[in-house]
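This report walks through one protein model for a reader who has not seen it before. Please look at the sequence and the structure before reading on.

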Amino acid sequence: MSTDRSIPSDDFQASPDTGVRLKLLRELAGISQRELAKRAGMTNSSISTIEQGQVSPSVQSLARILSAIPITLSDFFSFSHESIASETSGTQMPRVKQQTLVLPAQSSSAFLVAPAELSGVVLNGSLMLILPQGKQTLMQGQSFCIPAGQLFRFSNLTPEELRFYICSFFELSI
């Protein structure tokens, strides 16, 4: 049995709302059942039967599906599907998670993987965004977008403090 509280044990049983949560999260991420199945290496009918509550996925299957969105098991079970459903109905949009980050002079963040699509704008200073495809230098007022699942790093190579705003539809842990 794992001591990591974010990963359920092998005797894990998905709750009846697992399918509802999965469908809501998939739709919120703008992914079709077919695309999610392809990303997770599963059949479309497997995703469909889970979403309809006809089968309960194993913890390994659910983890594989969620990694294709991407979201962790603990985040998947901690969000309130009722609040997201009410936020996404009608004309309201889901709440945006946001924060202003400060990078001291001549410093860098650790390499991170975007938990969901991240967007941001440089408030002051010069931001170097490092991606596997290369580096991009952004100045005050310029924006960026980091795709979900993308490896990235922020750097401030200047002698001044750097401030930038970043947002996502999912909790940020940067």
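Which residue forms a salt bridge with Arg 39? The partner is Glu 35, and the closest N and O atoms of the two are 3.0 Å apart. Arg 39 and Glu 35 both lie in helix H2, four residues apart, which is about one turn of the helix. Arg 39 is partly exposed, at 45% relative accessibility, and Glu 35 is partly exposed too, with a relative accessible area of 30%.

## Overview

The model is a predicted one. The protein has 174 residues, of which 38% count as buried. Its secondary structure consists of six helices and nine strands. The protein exposes about 9800 Å², and carbon and sulfur atoms supply 52% of that area. Among contacts between residues at least 6 apart in sequence, 68% join residues at least 24 apart.

## Salt bridges

Side chains of opposite charge can pair when their charged atoms come close. A search of the whole structure finds three salt bridges. The table lists them.

| Salt bridge | N to O distance | Relative accessibility |
|---|---|---|
| Arg 26 and Glu 51 | 2.5 Å | Arg 26: 7%; Glu 51: 8% |
| Arg 39 and Glu 35 | 3.0 Å | Arg 39: 45%; Glu 35: 30% |
| Glu 161 and Arg 163 | 3.6 Å | Glu 161: 40%; Arg 163: 35% |

The side chains of Arg 26 and Glu 51 meet at 2.5 Å, N to O. This pair links distant parts of the chain, since Arg 26 is in helix H1 and Glu 51 is in helix H3, 25 residues apart. Are these two residues buried or exposed? Arg 26 counts as buried because its relative accessibility is 7%, and Glu 51 is buried because its relative accessible area is 8%.

## Helices and nonpolar cores

Helix H1 holds a number of buried residues, namely Thr 18, Gly 19, Arg 21, Leu 22, Leu 24, Leu 25 and Arg 26. After H1 comes Gly 30, whose phi is positive, near 75°.

Which residues have the most contacts inside the largest nonpolar core? They are Leu 22, Leu 36, Ile 65, Leu 66 and Ile 69, in a core of 18 residues. Five helices each supply at least two residues of this core: H1 (18-28), H2 (33-40), H3 (44-51), H4 (59-67) and H5 (73-78). The largest share, four residues, comes from H4. A second, separate core has 16 residues, including Leu 138, Ile 146, Phe 152 and Leu 162.

Leu 36 shows how parts of the chain come together. Leaving out residues up to four places away in sequence, Leu 36 touches Leu 22, Arg 26, Ile 31, Ile 47, Ile 65, Ala 68 and Ile 69. Arg 26, one of these neighbours, is also the salt-bridge partner of Glu 51.

Ala 63 belongs to helix H4 and counts as partly exposed, at 31% relative accessibility. Ala 63 and Phe 76 are 13 residues apart in sequence, and their C-alpha atoms are 9.7 Å apart in space.

## Around strand E2

Gln 106 sits in the loop between strand E1 (97-103) and E2. Most residues other than glycine have a negative phi. Gln 106 is not a glycine, yet its phi is positive, about 55°. Gln 106 counts as exposed because its relative accessibility is 54%.

Ser 107 is in strand E2 and counts as buried, at 18% relative accessibility. What does the side chain of Ser 107 reach? The side chain reaches the backbone oxygen of Pro 104, at 2.6 Å. Not counting residues up to four places away in sequence, Ser 107 touches Ser 155 and Asn 156.

Phe 111 is found in the loop between strand E2 (107-108) and strand E3 (112-113). Phe 111 is partly exposed, with a relative accessible area of 45%. Together with Val 113 and Leu 151, Phe 111 makes a nonpolar surface patch of about 270 Å².

Conventions
Residues are numbered from 1 along each chain as its sequence is written. This is a predicted model: local features need pLDDT of at least 70, side-chain atom pairs count only at pLDDT 80 or more; totals for chains, interfaces and linings use all residues. Side-chain values use heavy atoms; hydrogens and water are left out. Patches are made of residues with over 30% relative accessible area and no salt bridge: like charges are joined within 9 Å, nonpolar side chains (Val, Leu, Ile, Met, Phe, Trp, Tyr) within 5 Å. Accessible areas come from the Shrake-Rupley method with a 1.4 Å probe; for residues, only the protein chains shown count as cover. A salt bridge is a side-chain nitrogen of Lys or Arg within 4 Å of a carboxyl oxygen of Asp or Glu. Buried means under 20% relative accessible area, exposed over 50%, partly exposed in between (1.4 Å probe, protein chains only). A nonpolar core is a set of buried Ala, Val, Leu, Ile, Met, Phe, Trp, Tyr and Cys residues joined through side-chain atoms within 4.5 Å. Contact means heavy atoms within 4.5 Å. A polar contact is a pair of N or O atoms within 3.5 Å; within protein, one must be able to donate a hydrogen and the other to accept it, and residues adjacent in sequence count only if both atoms are side-chain atoms.
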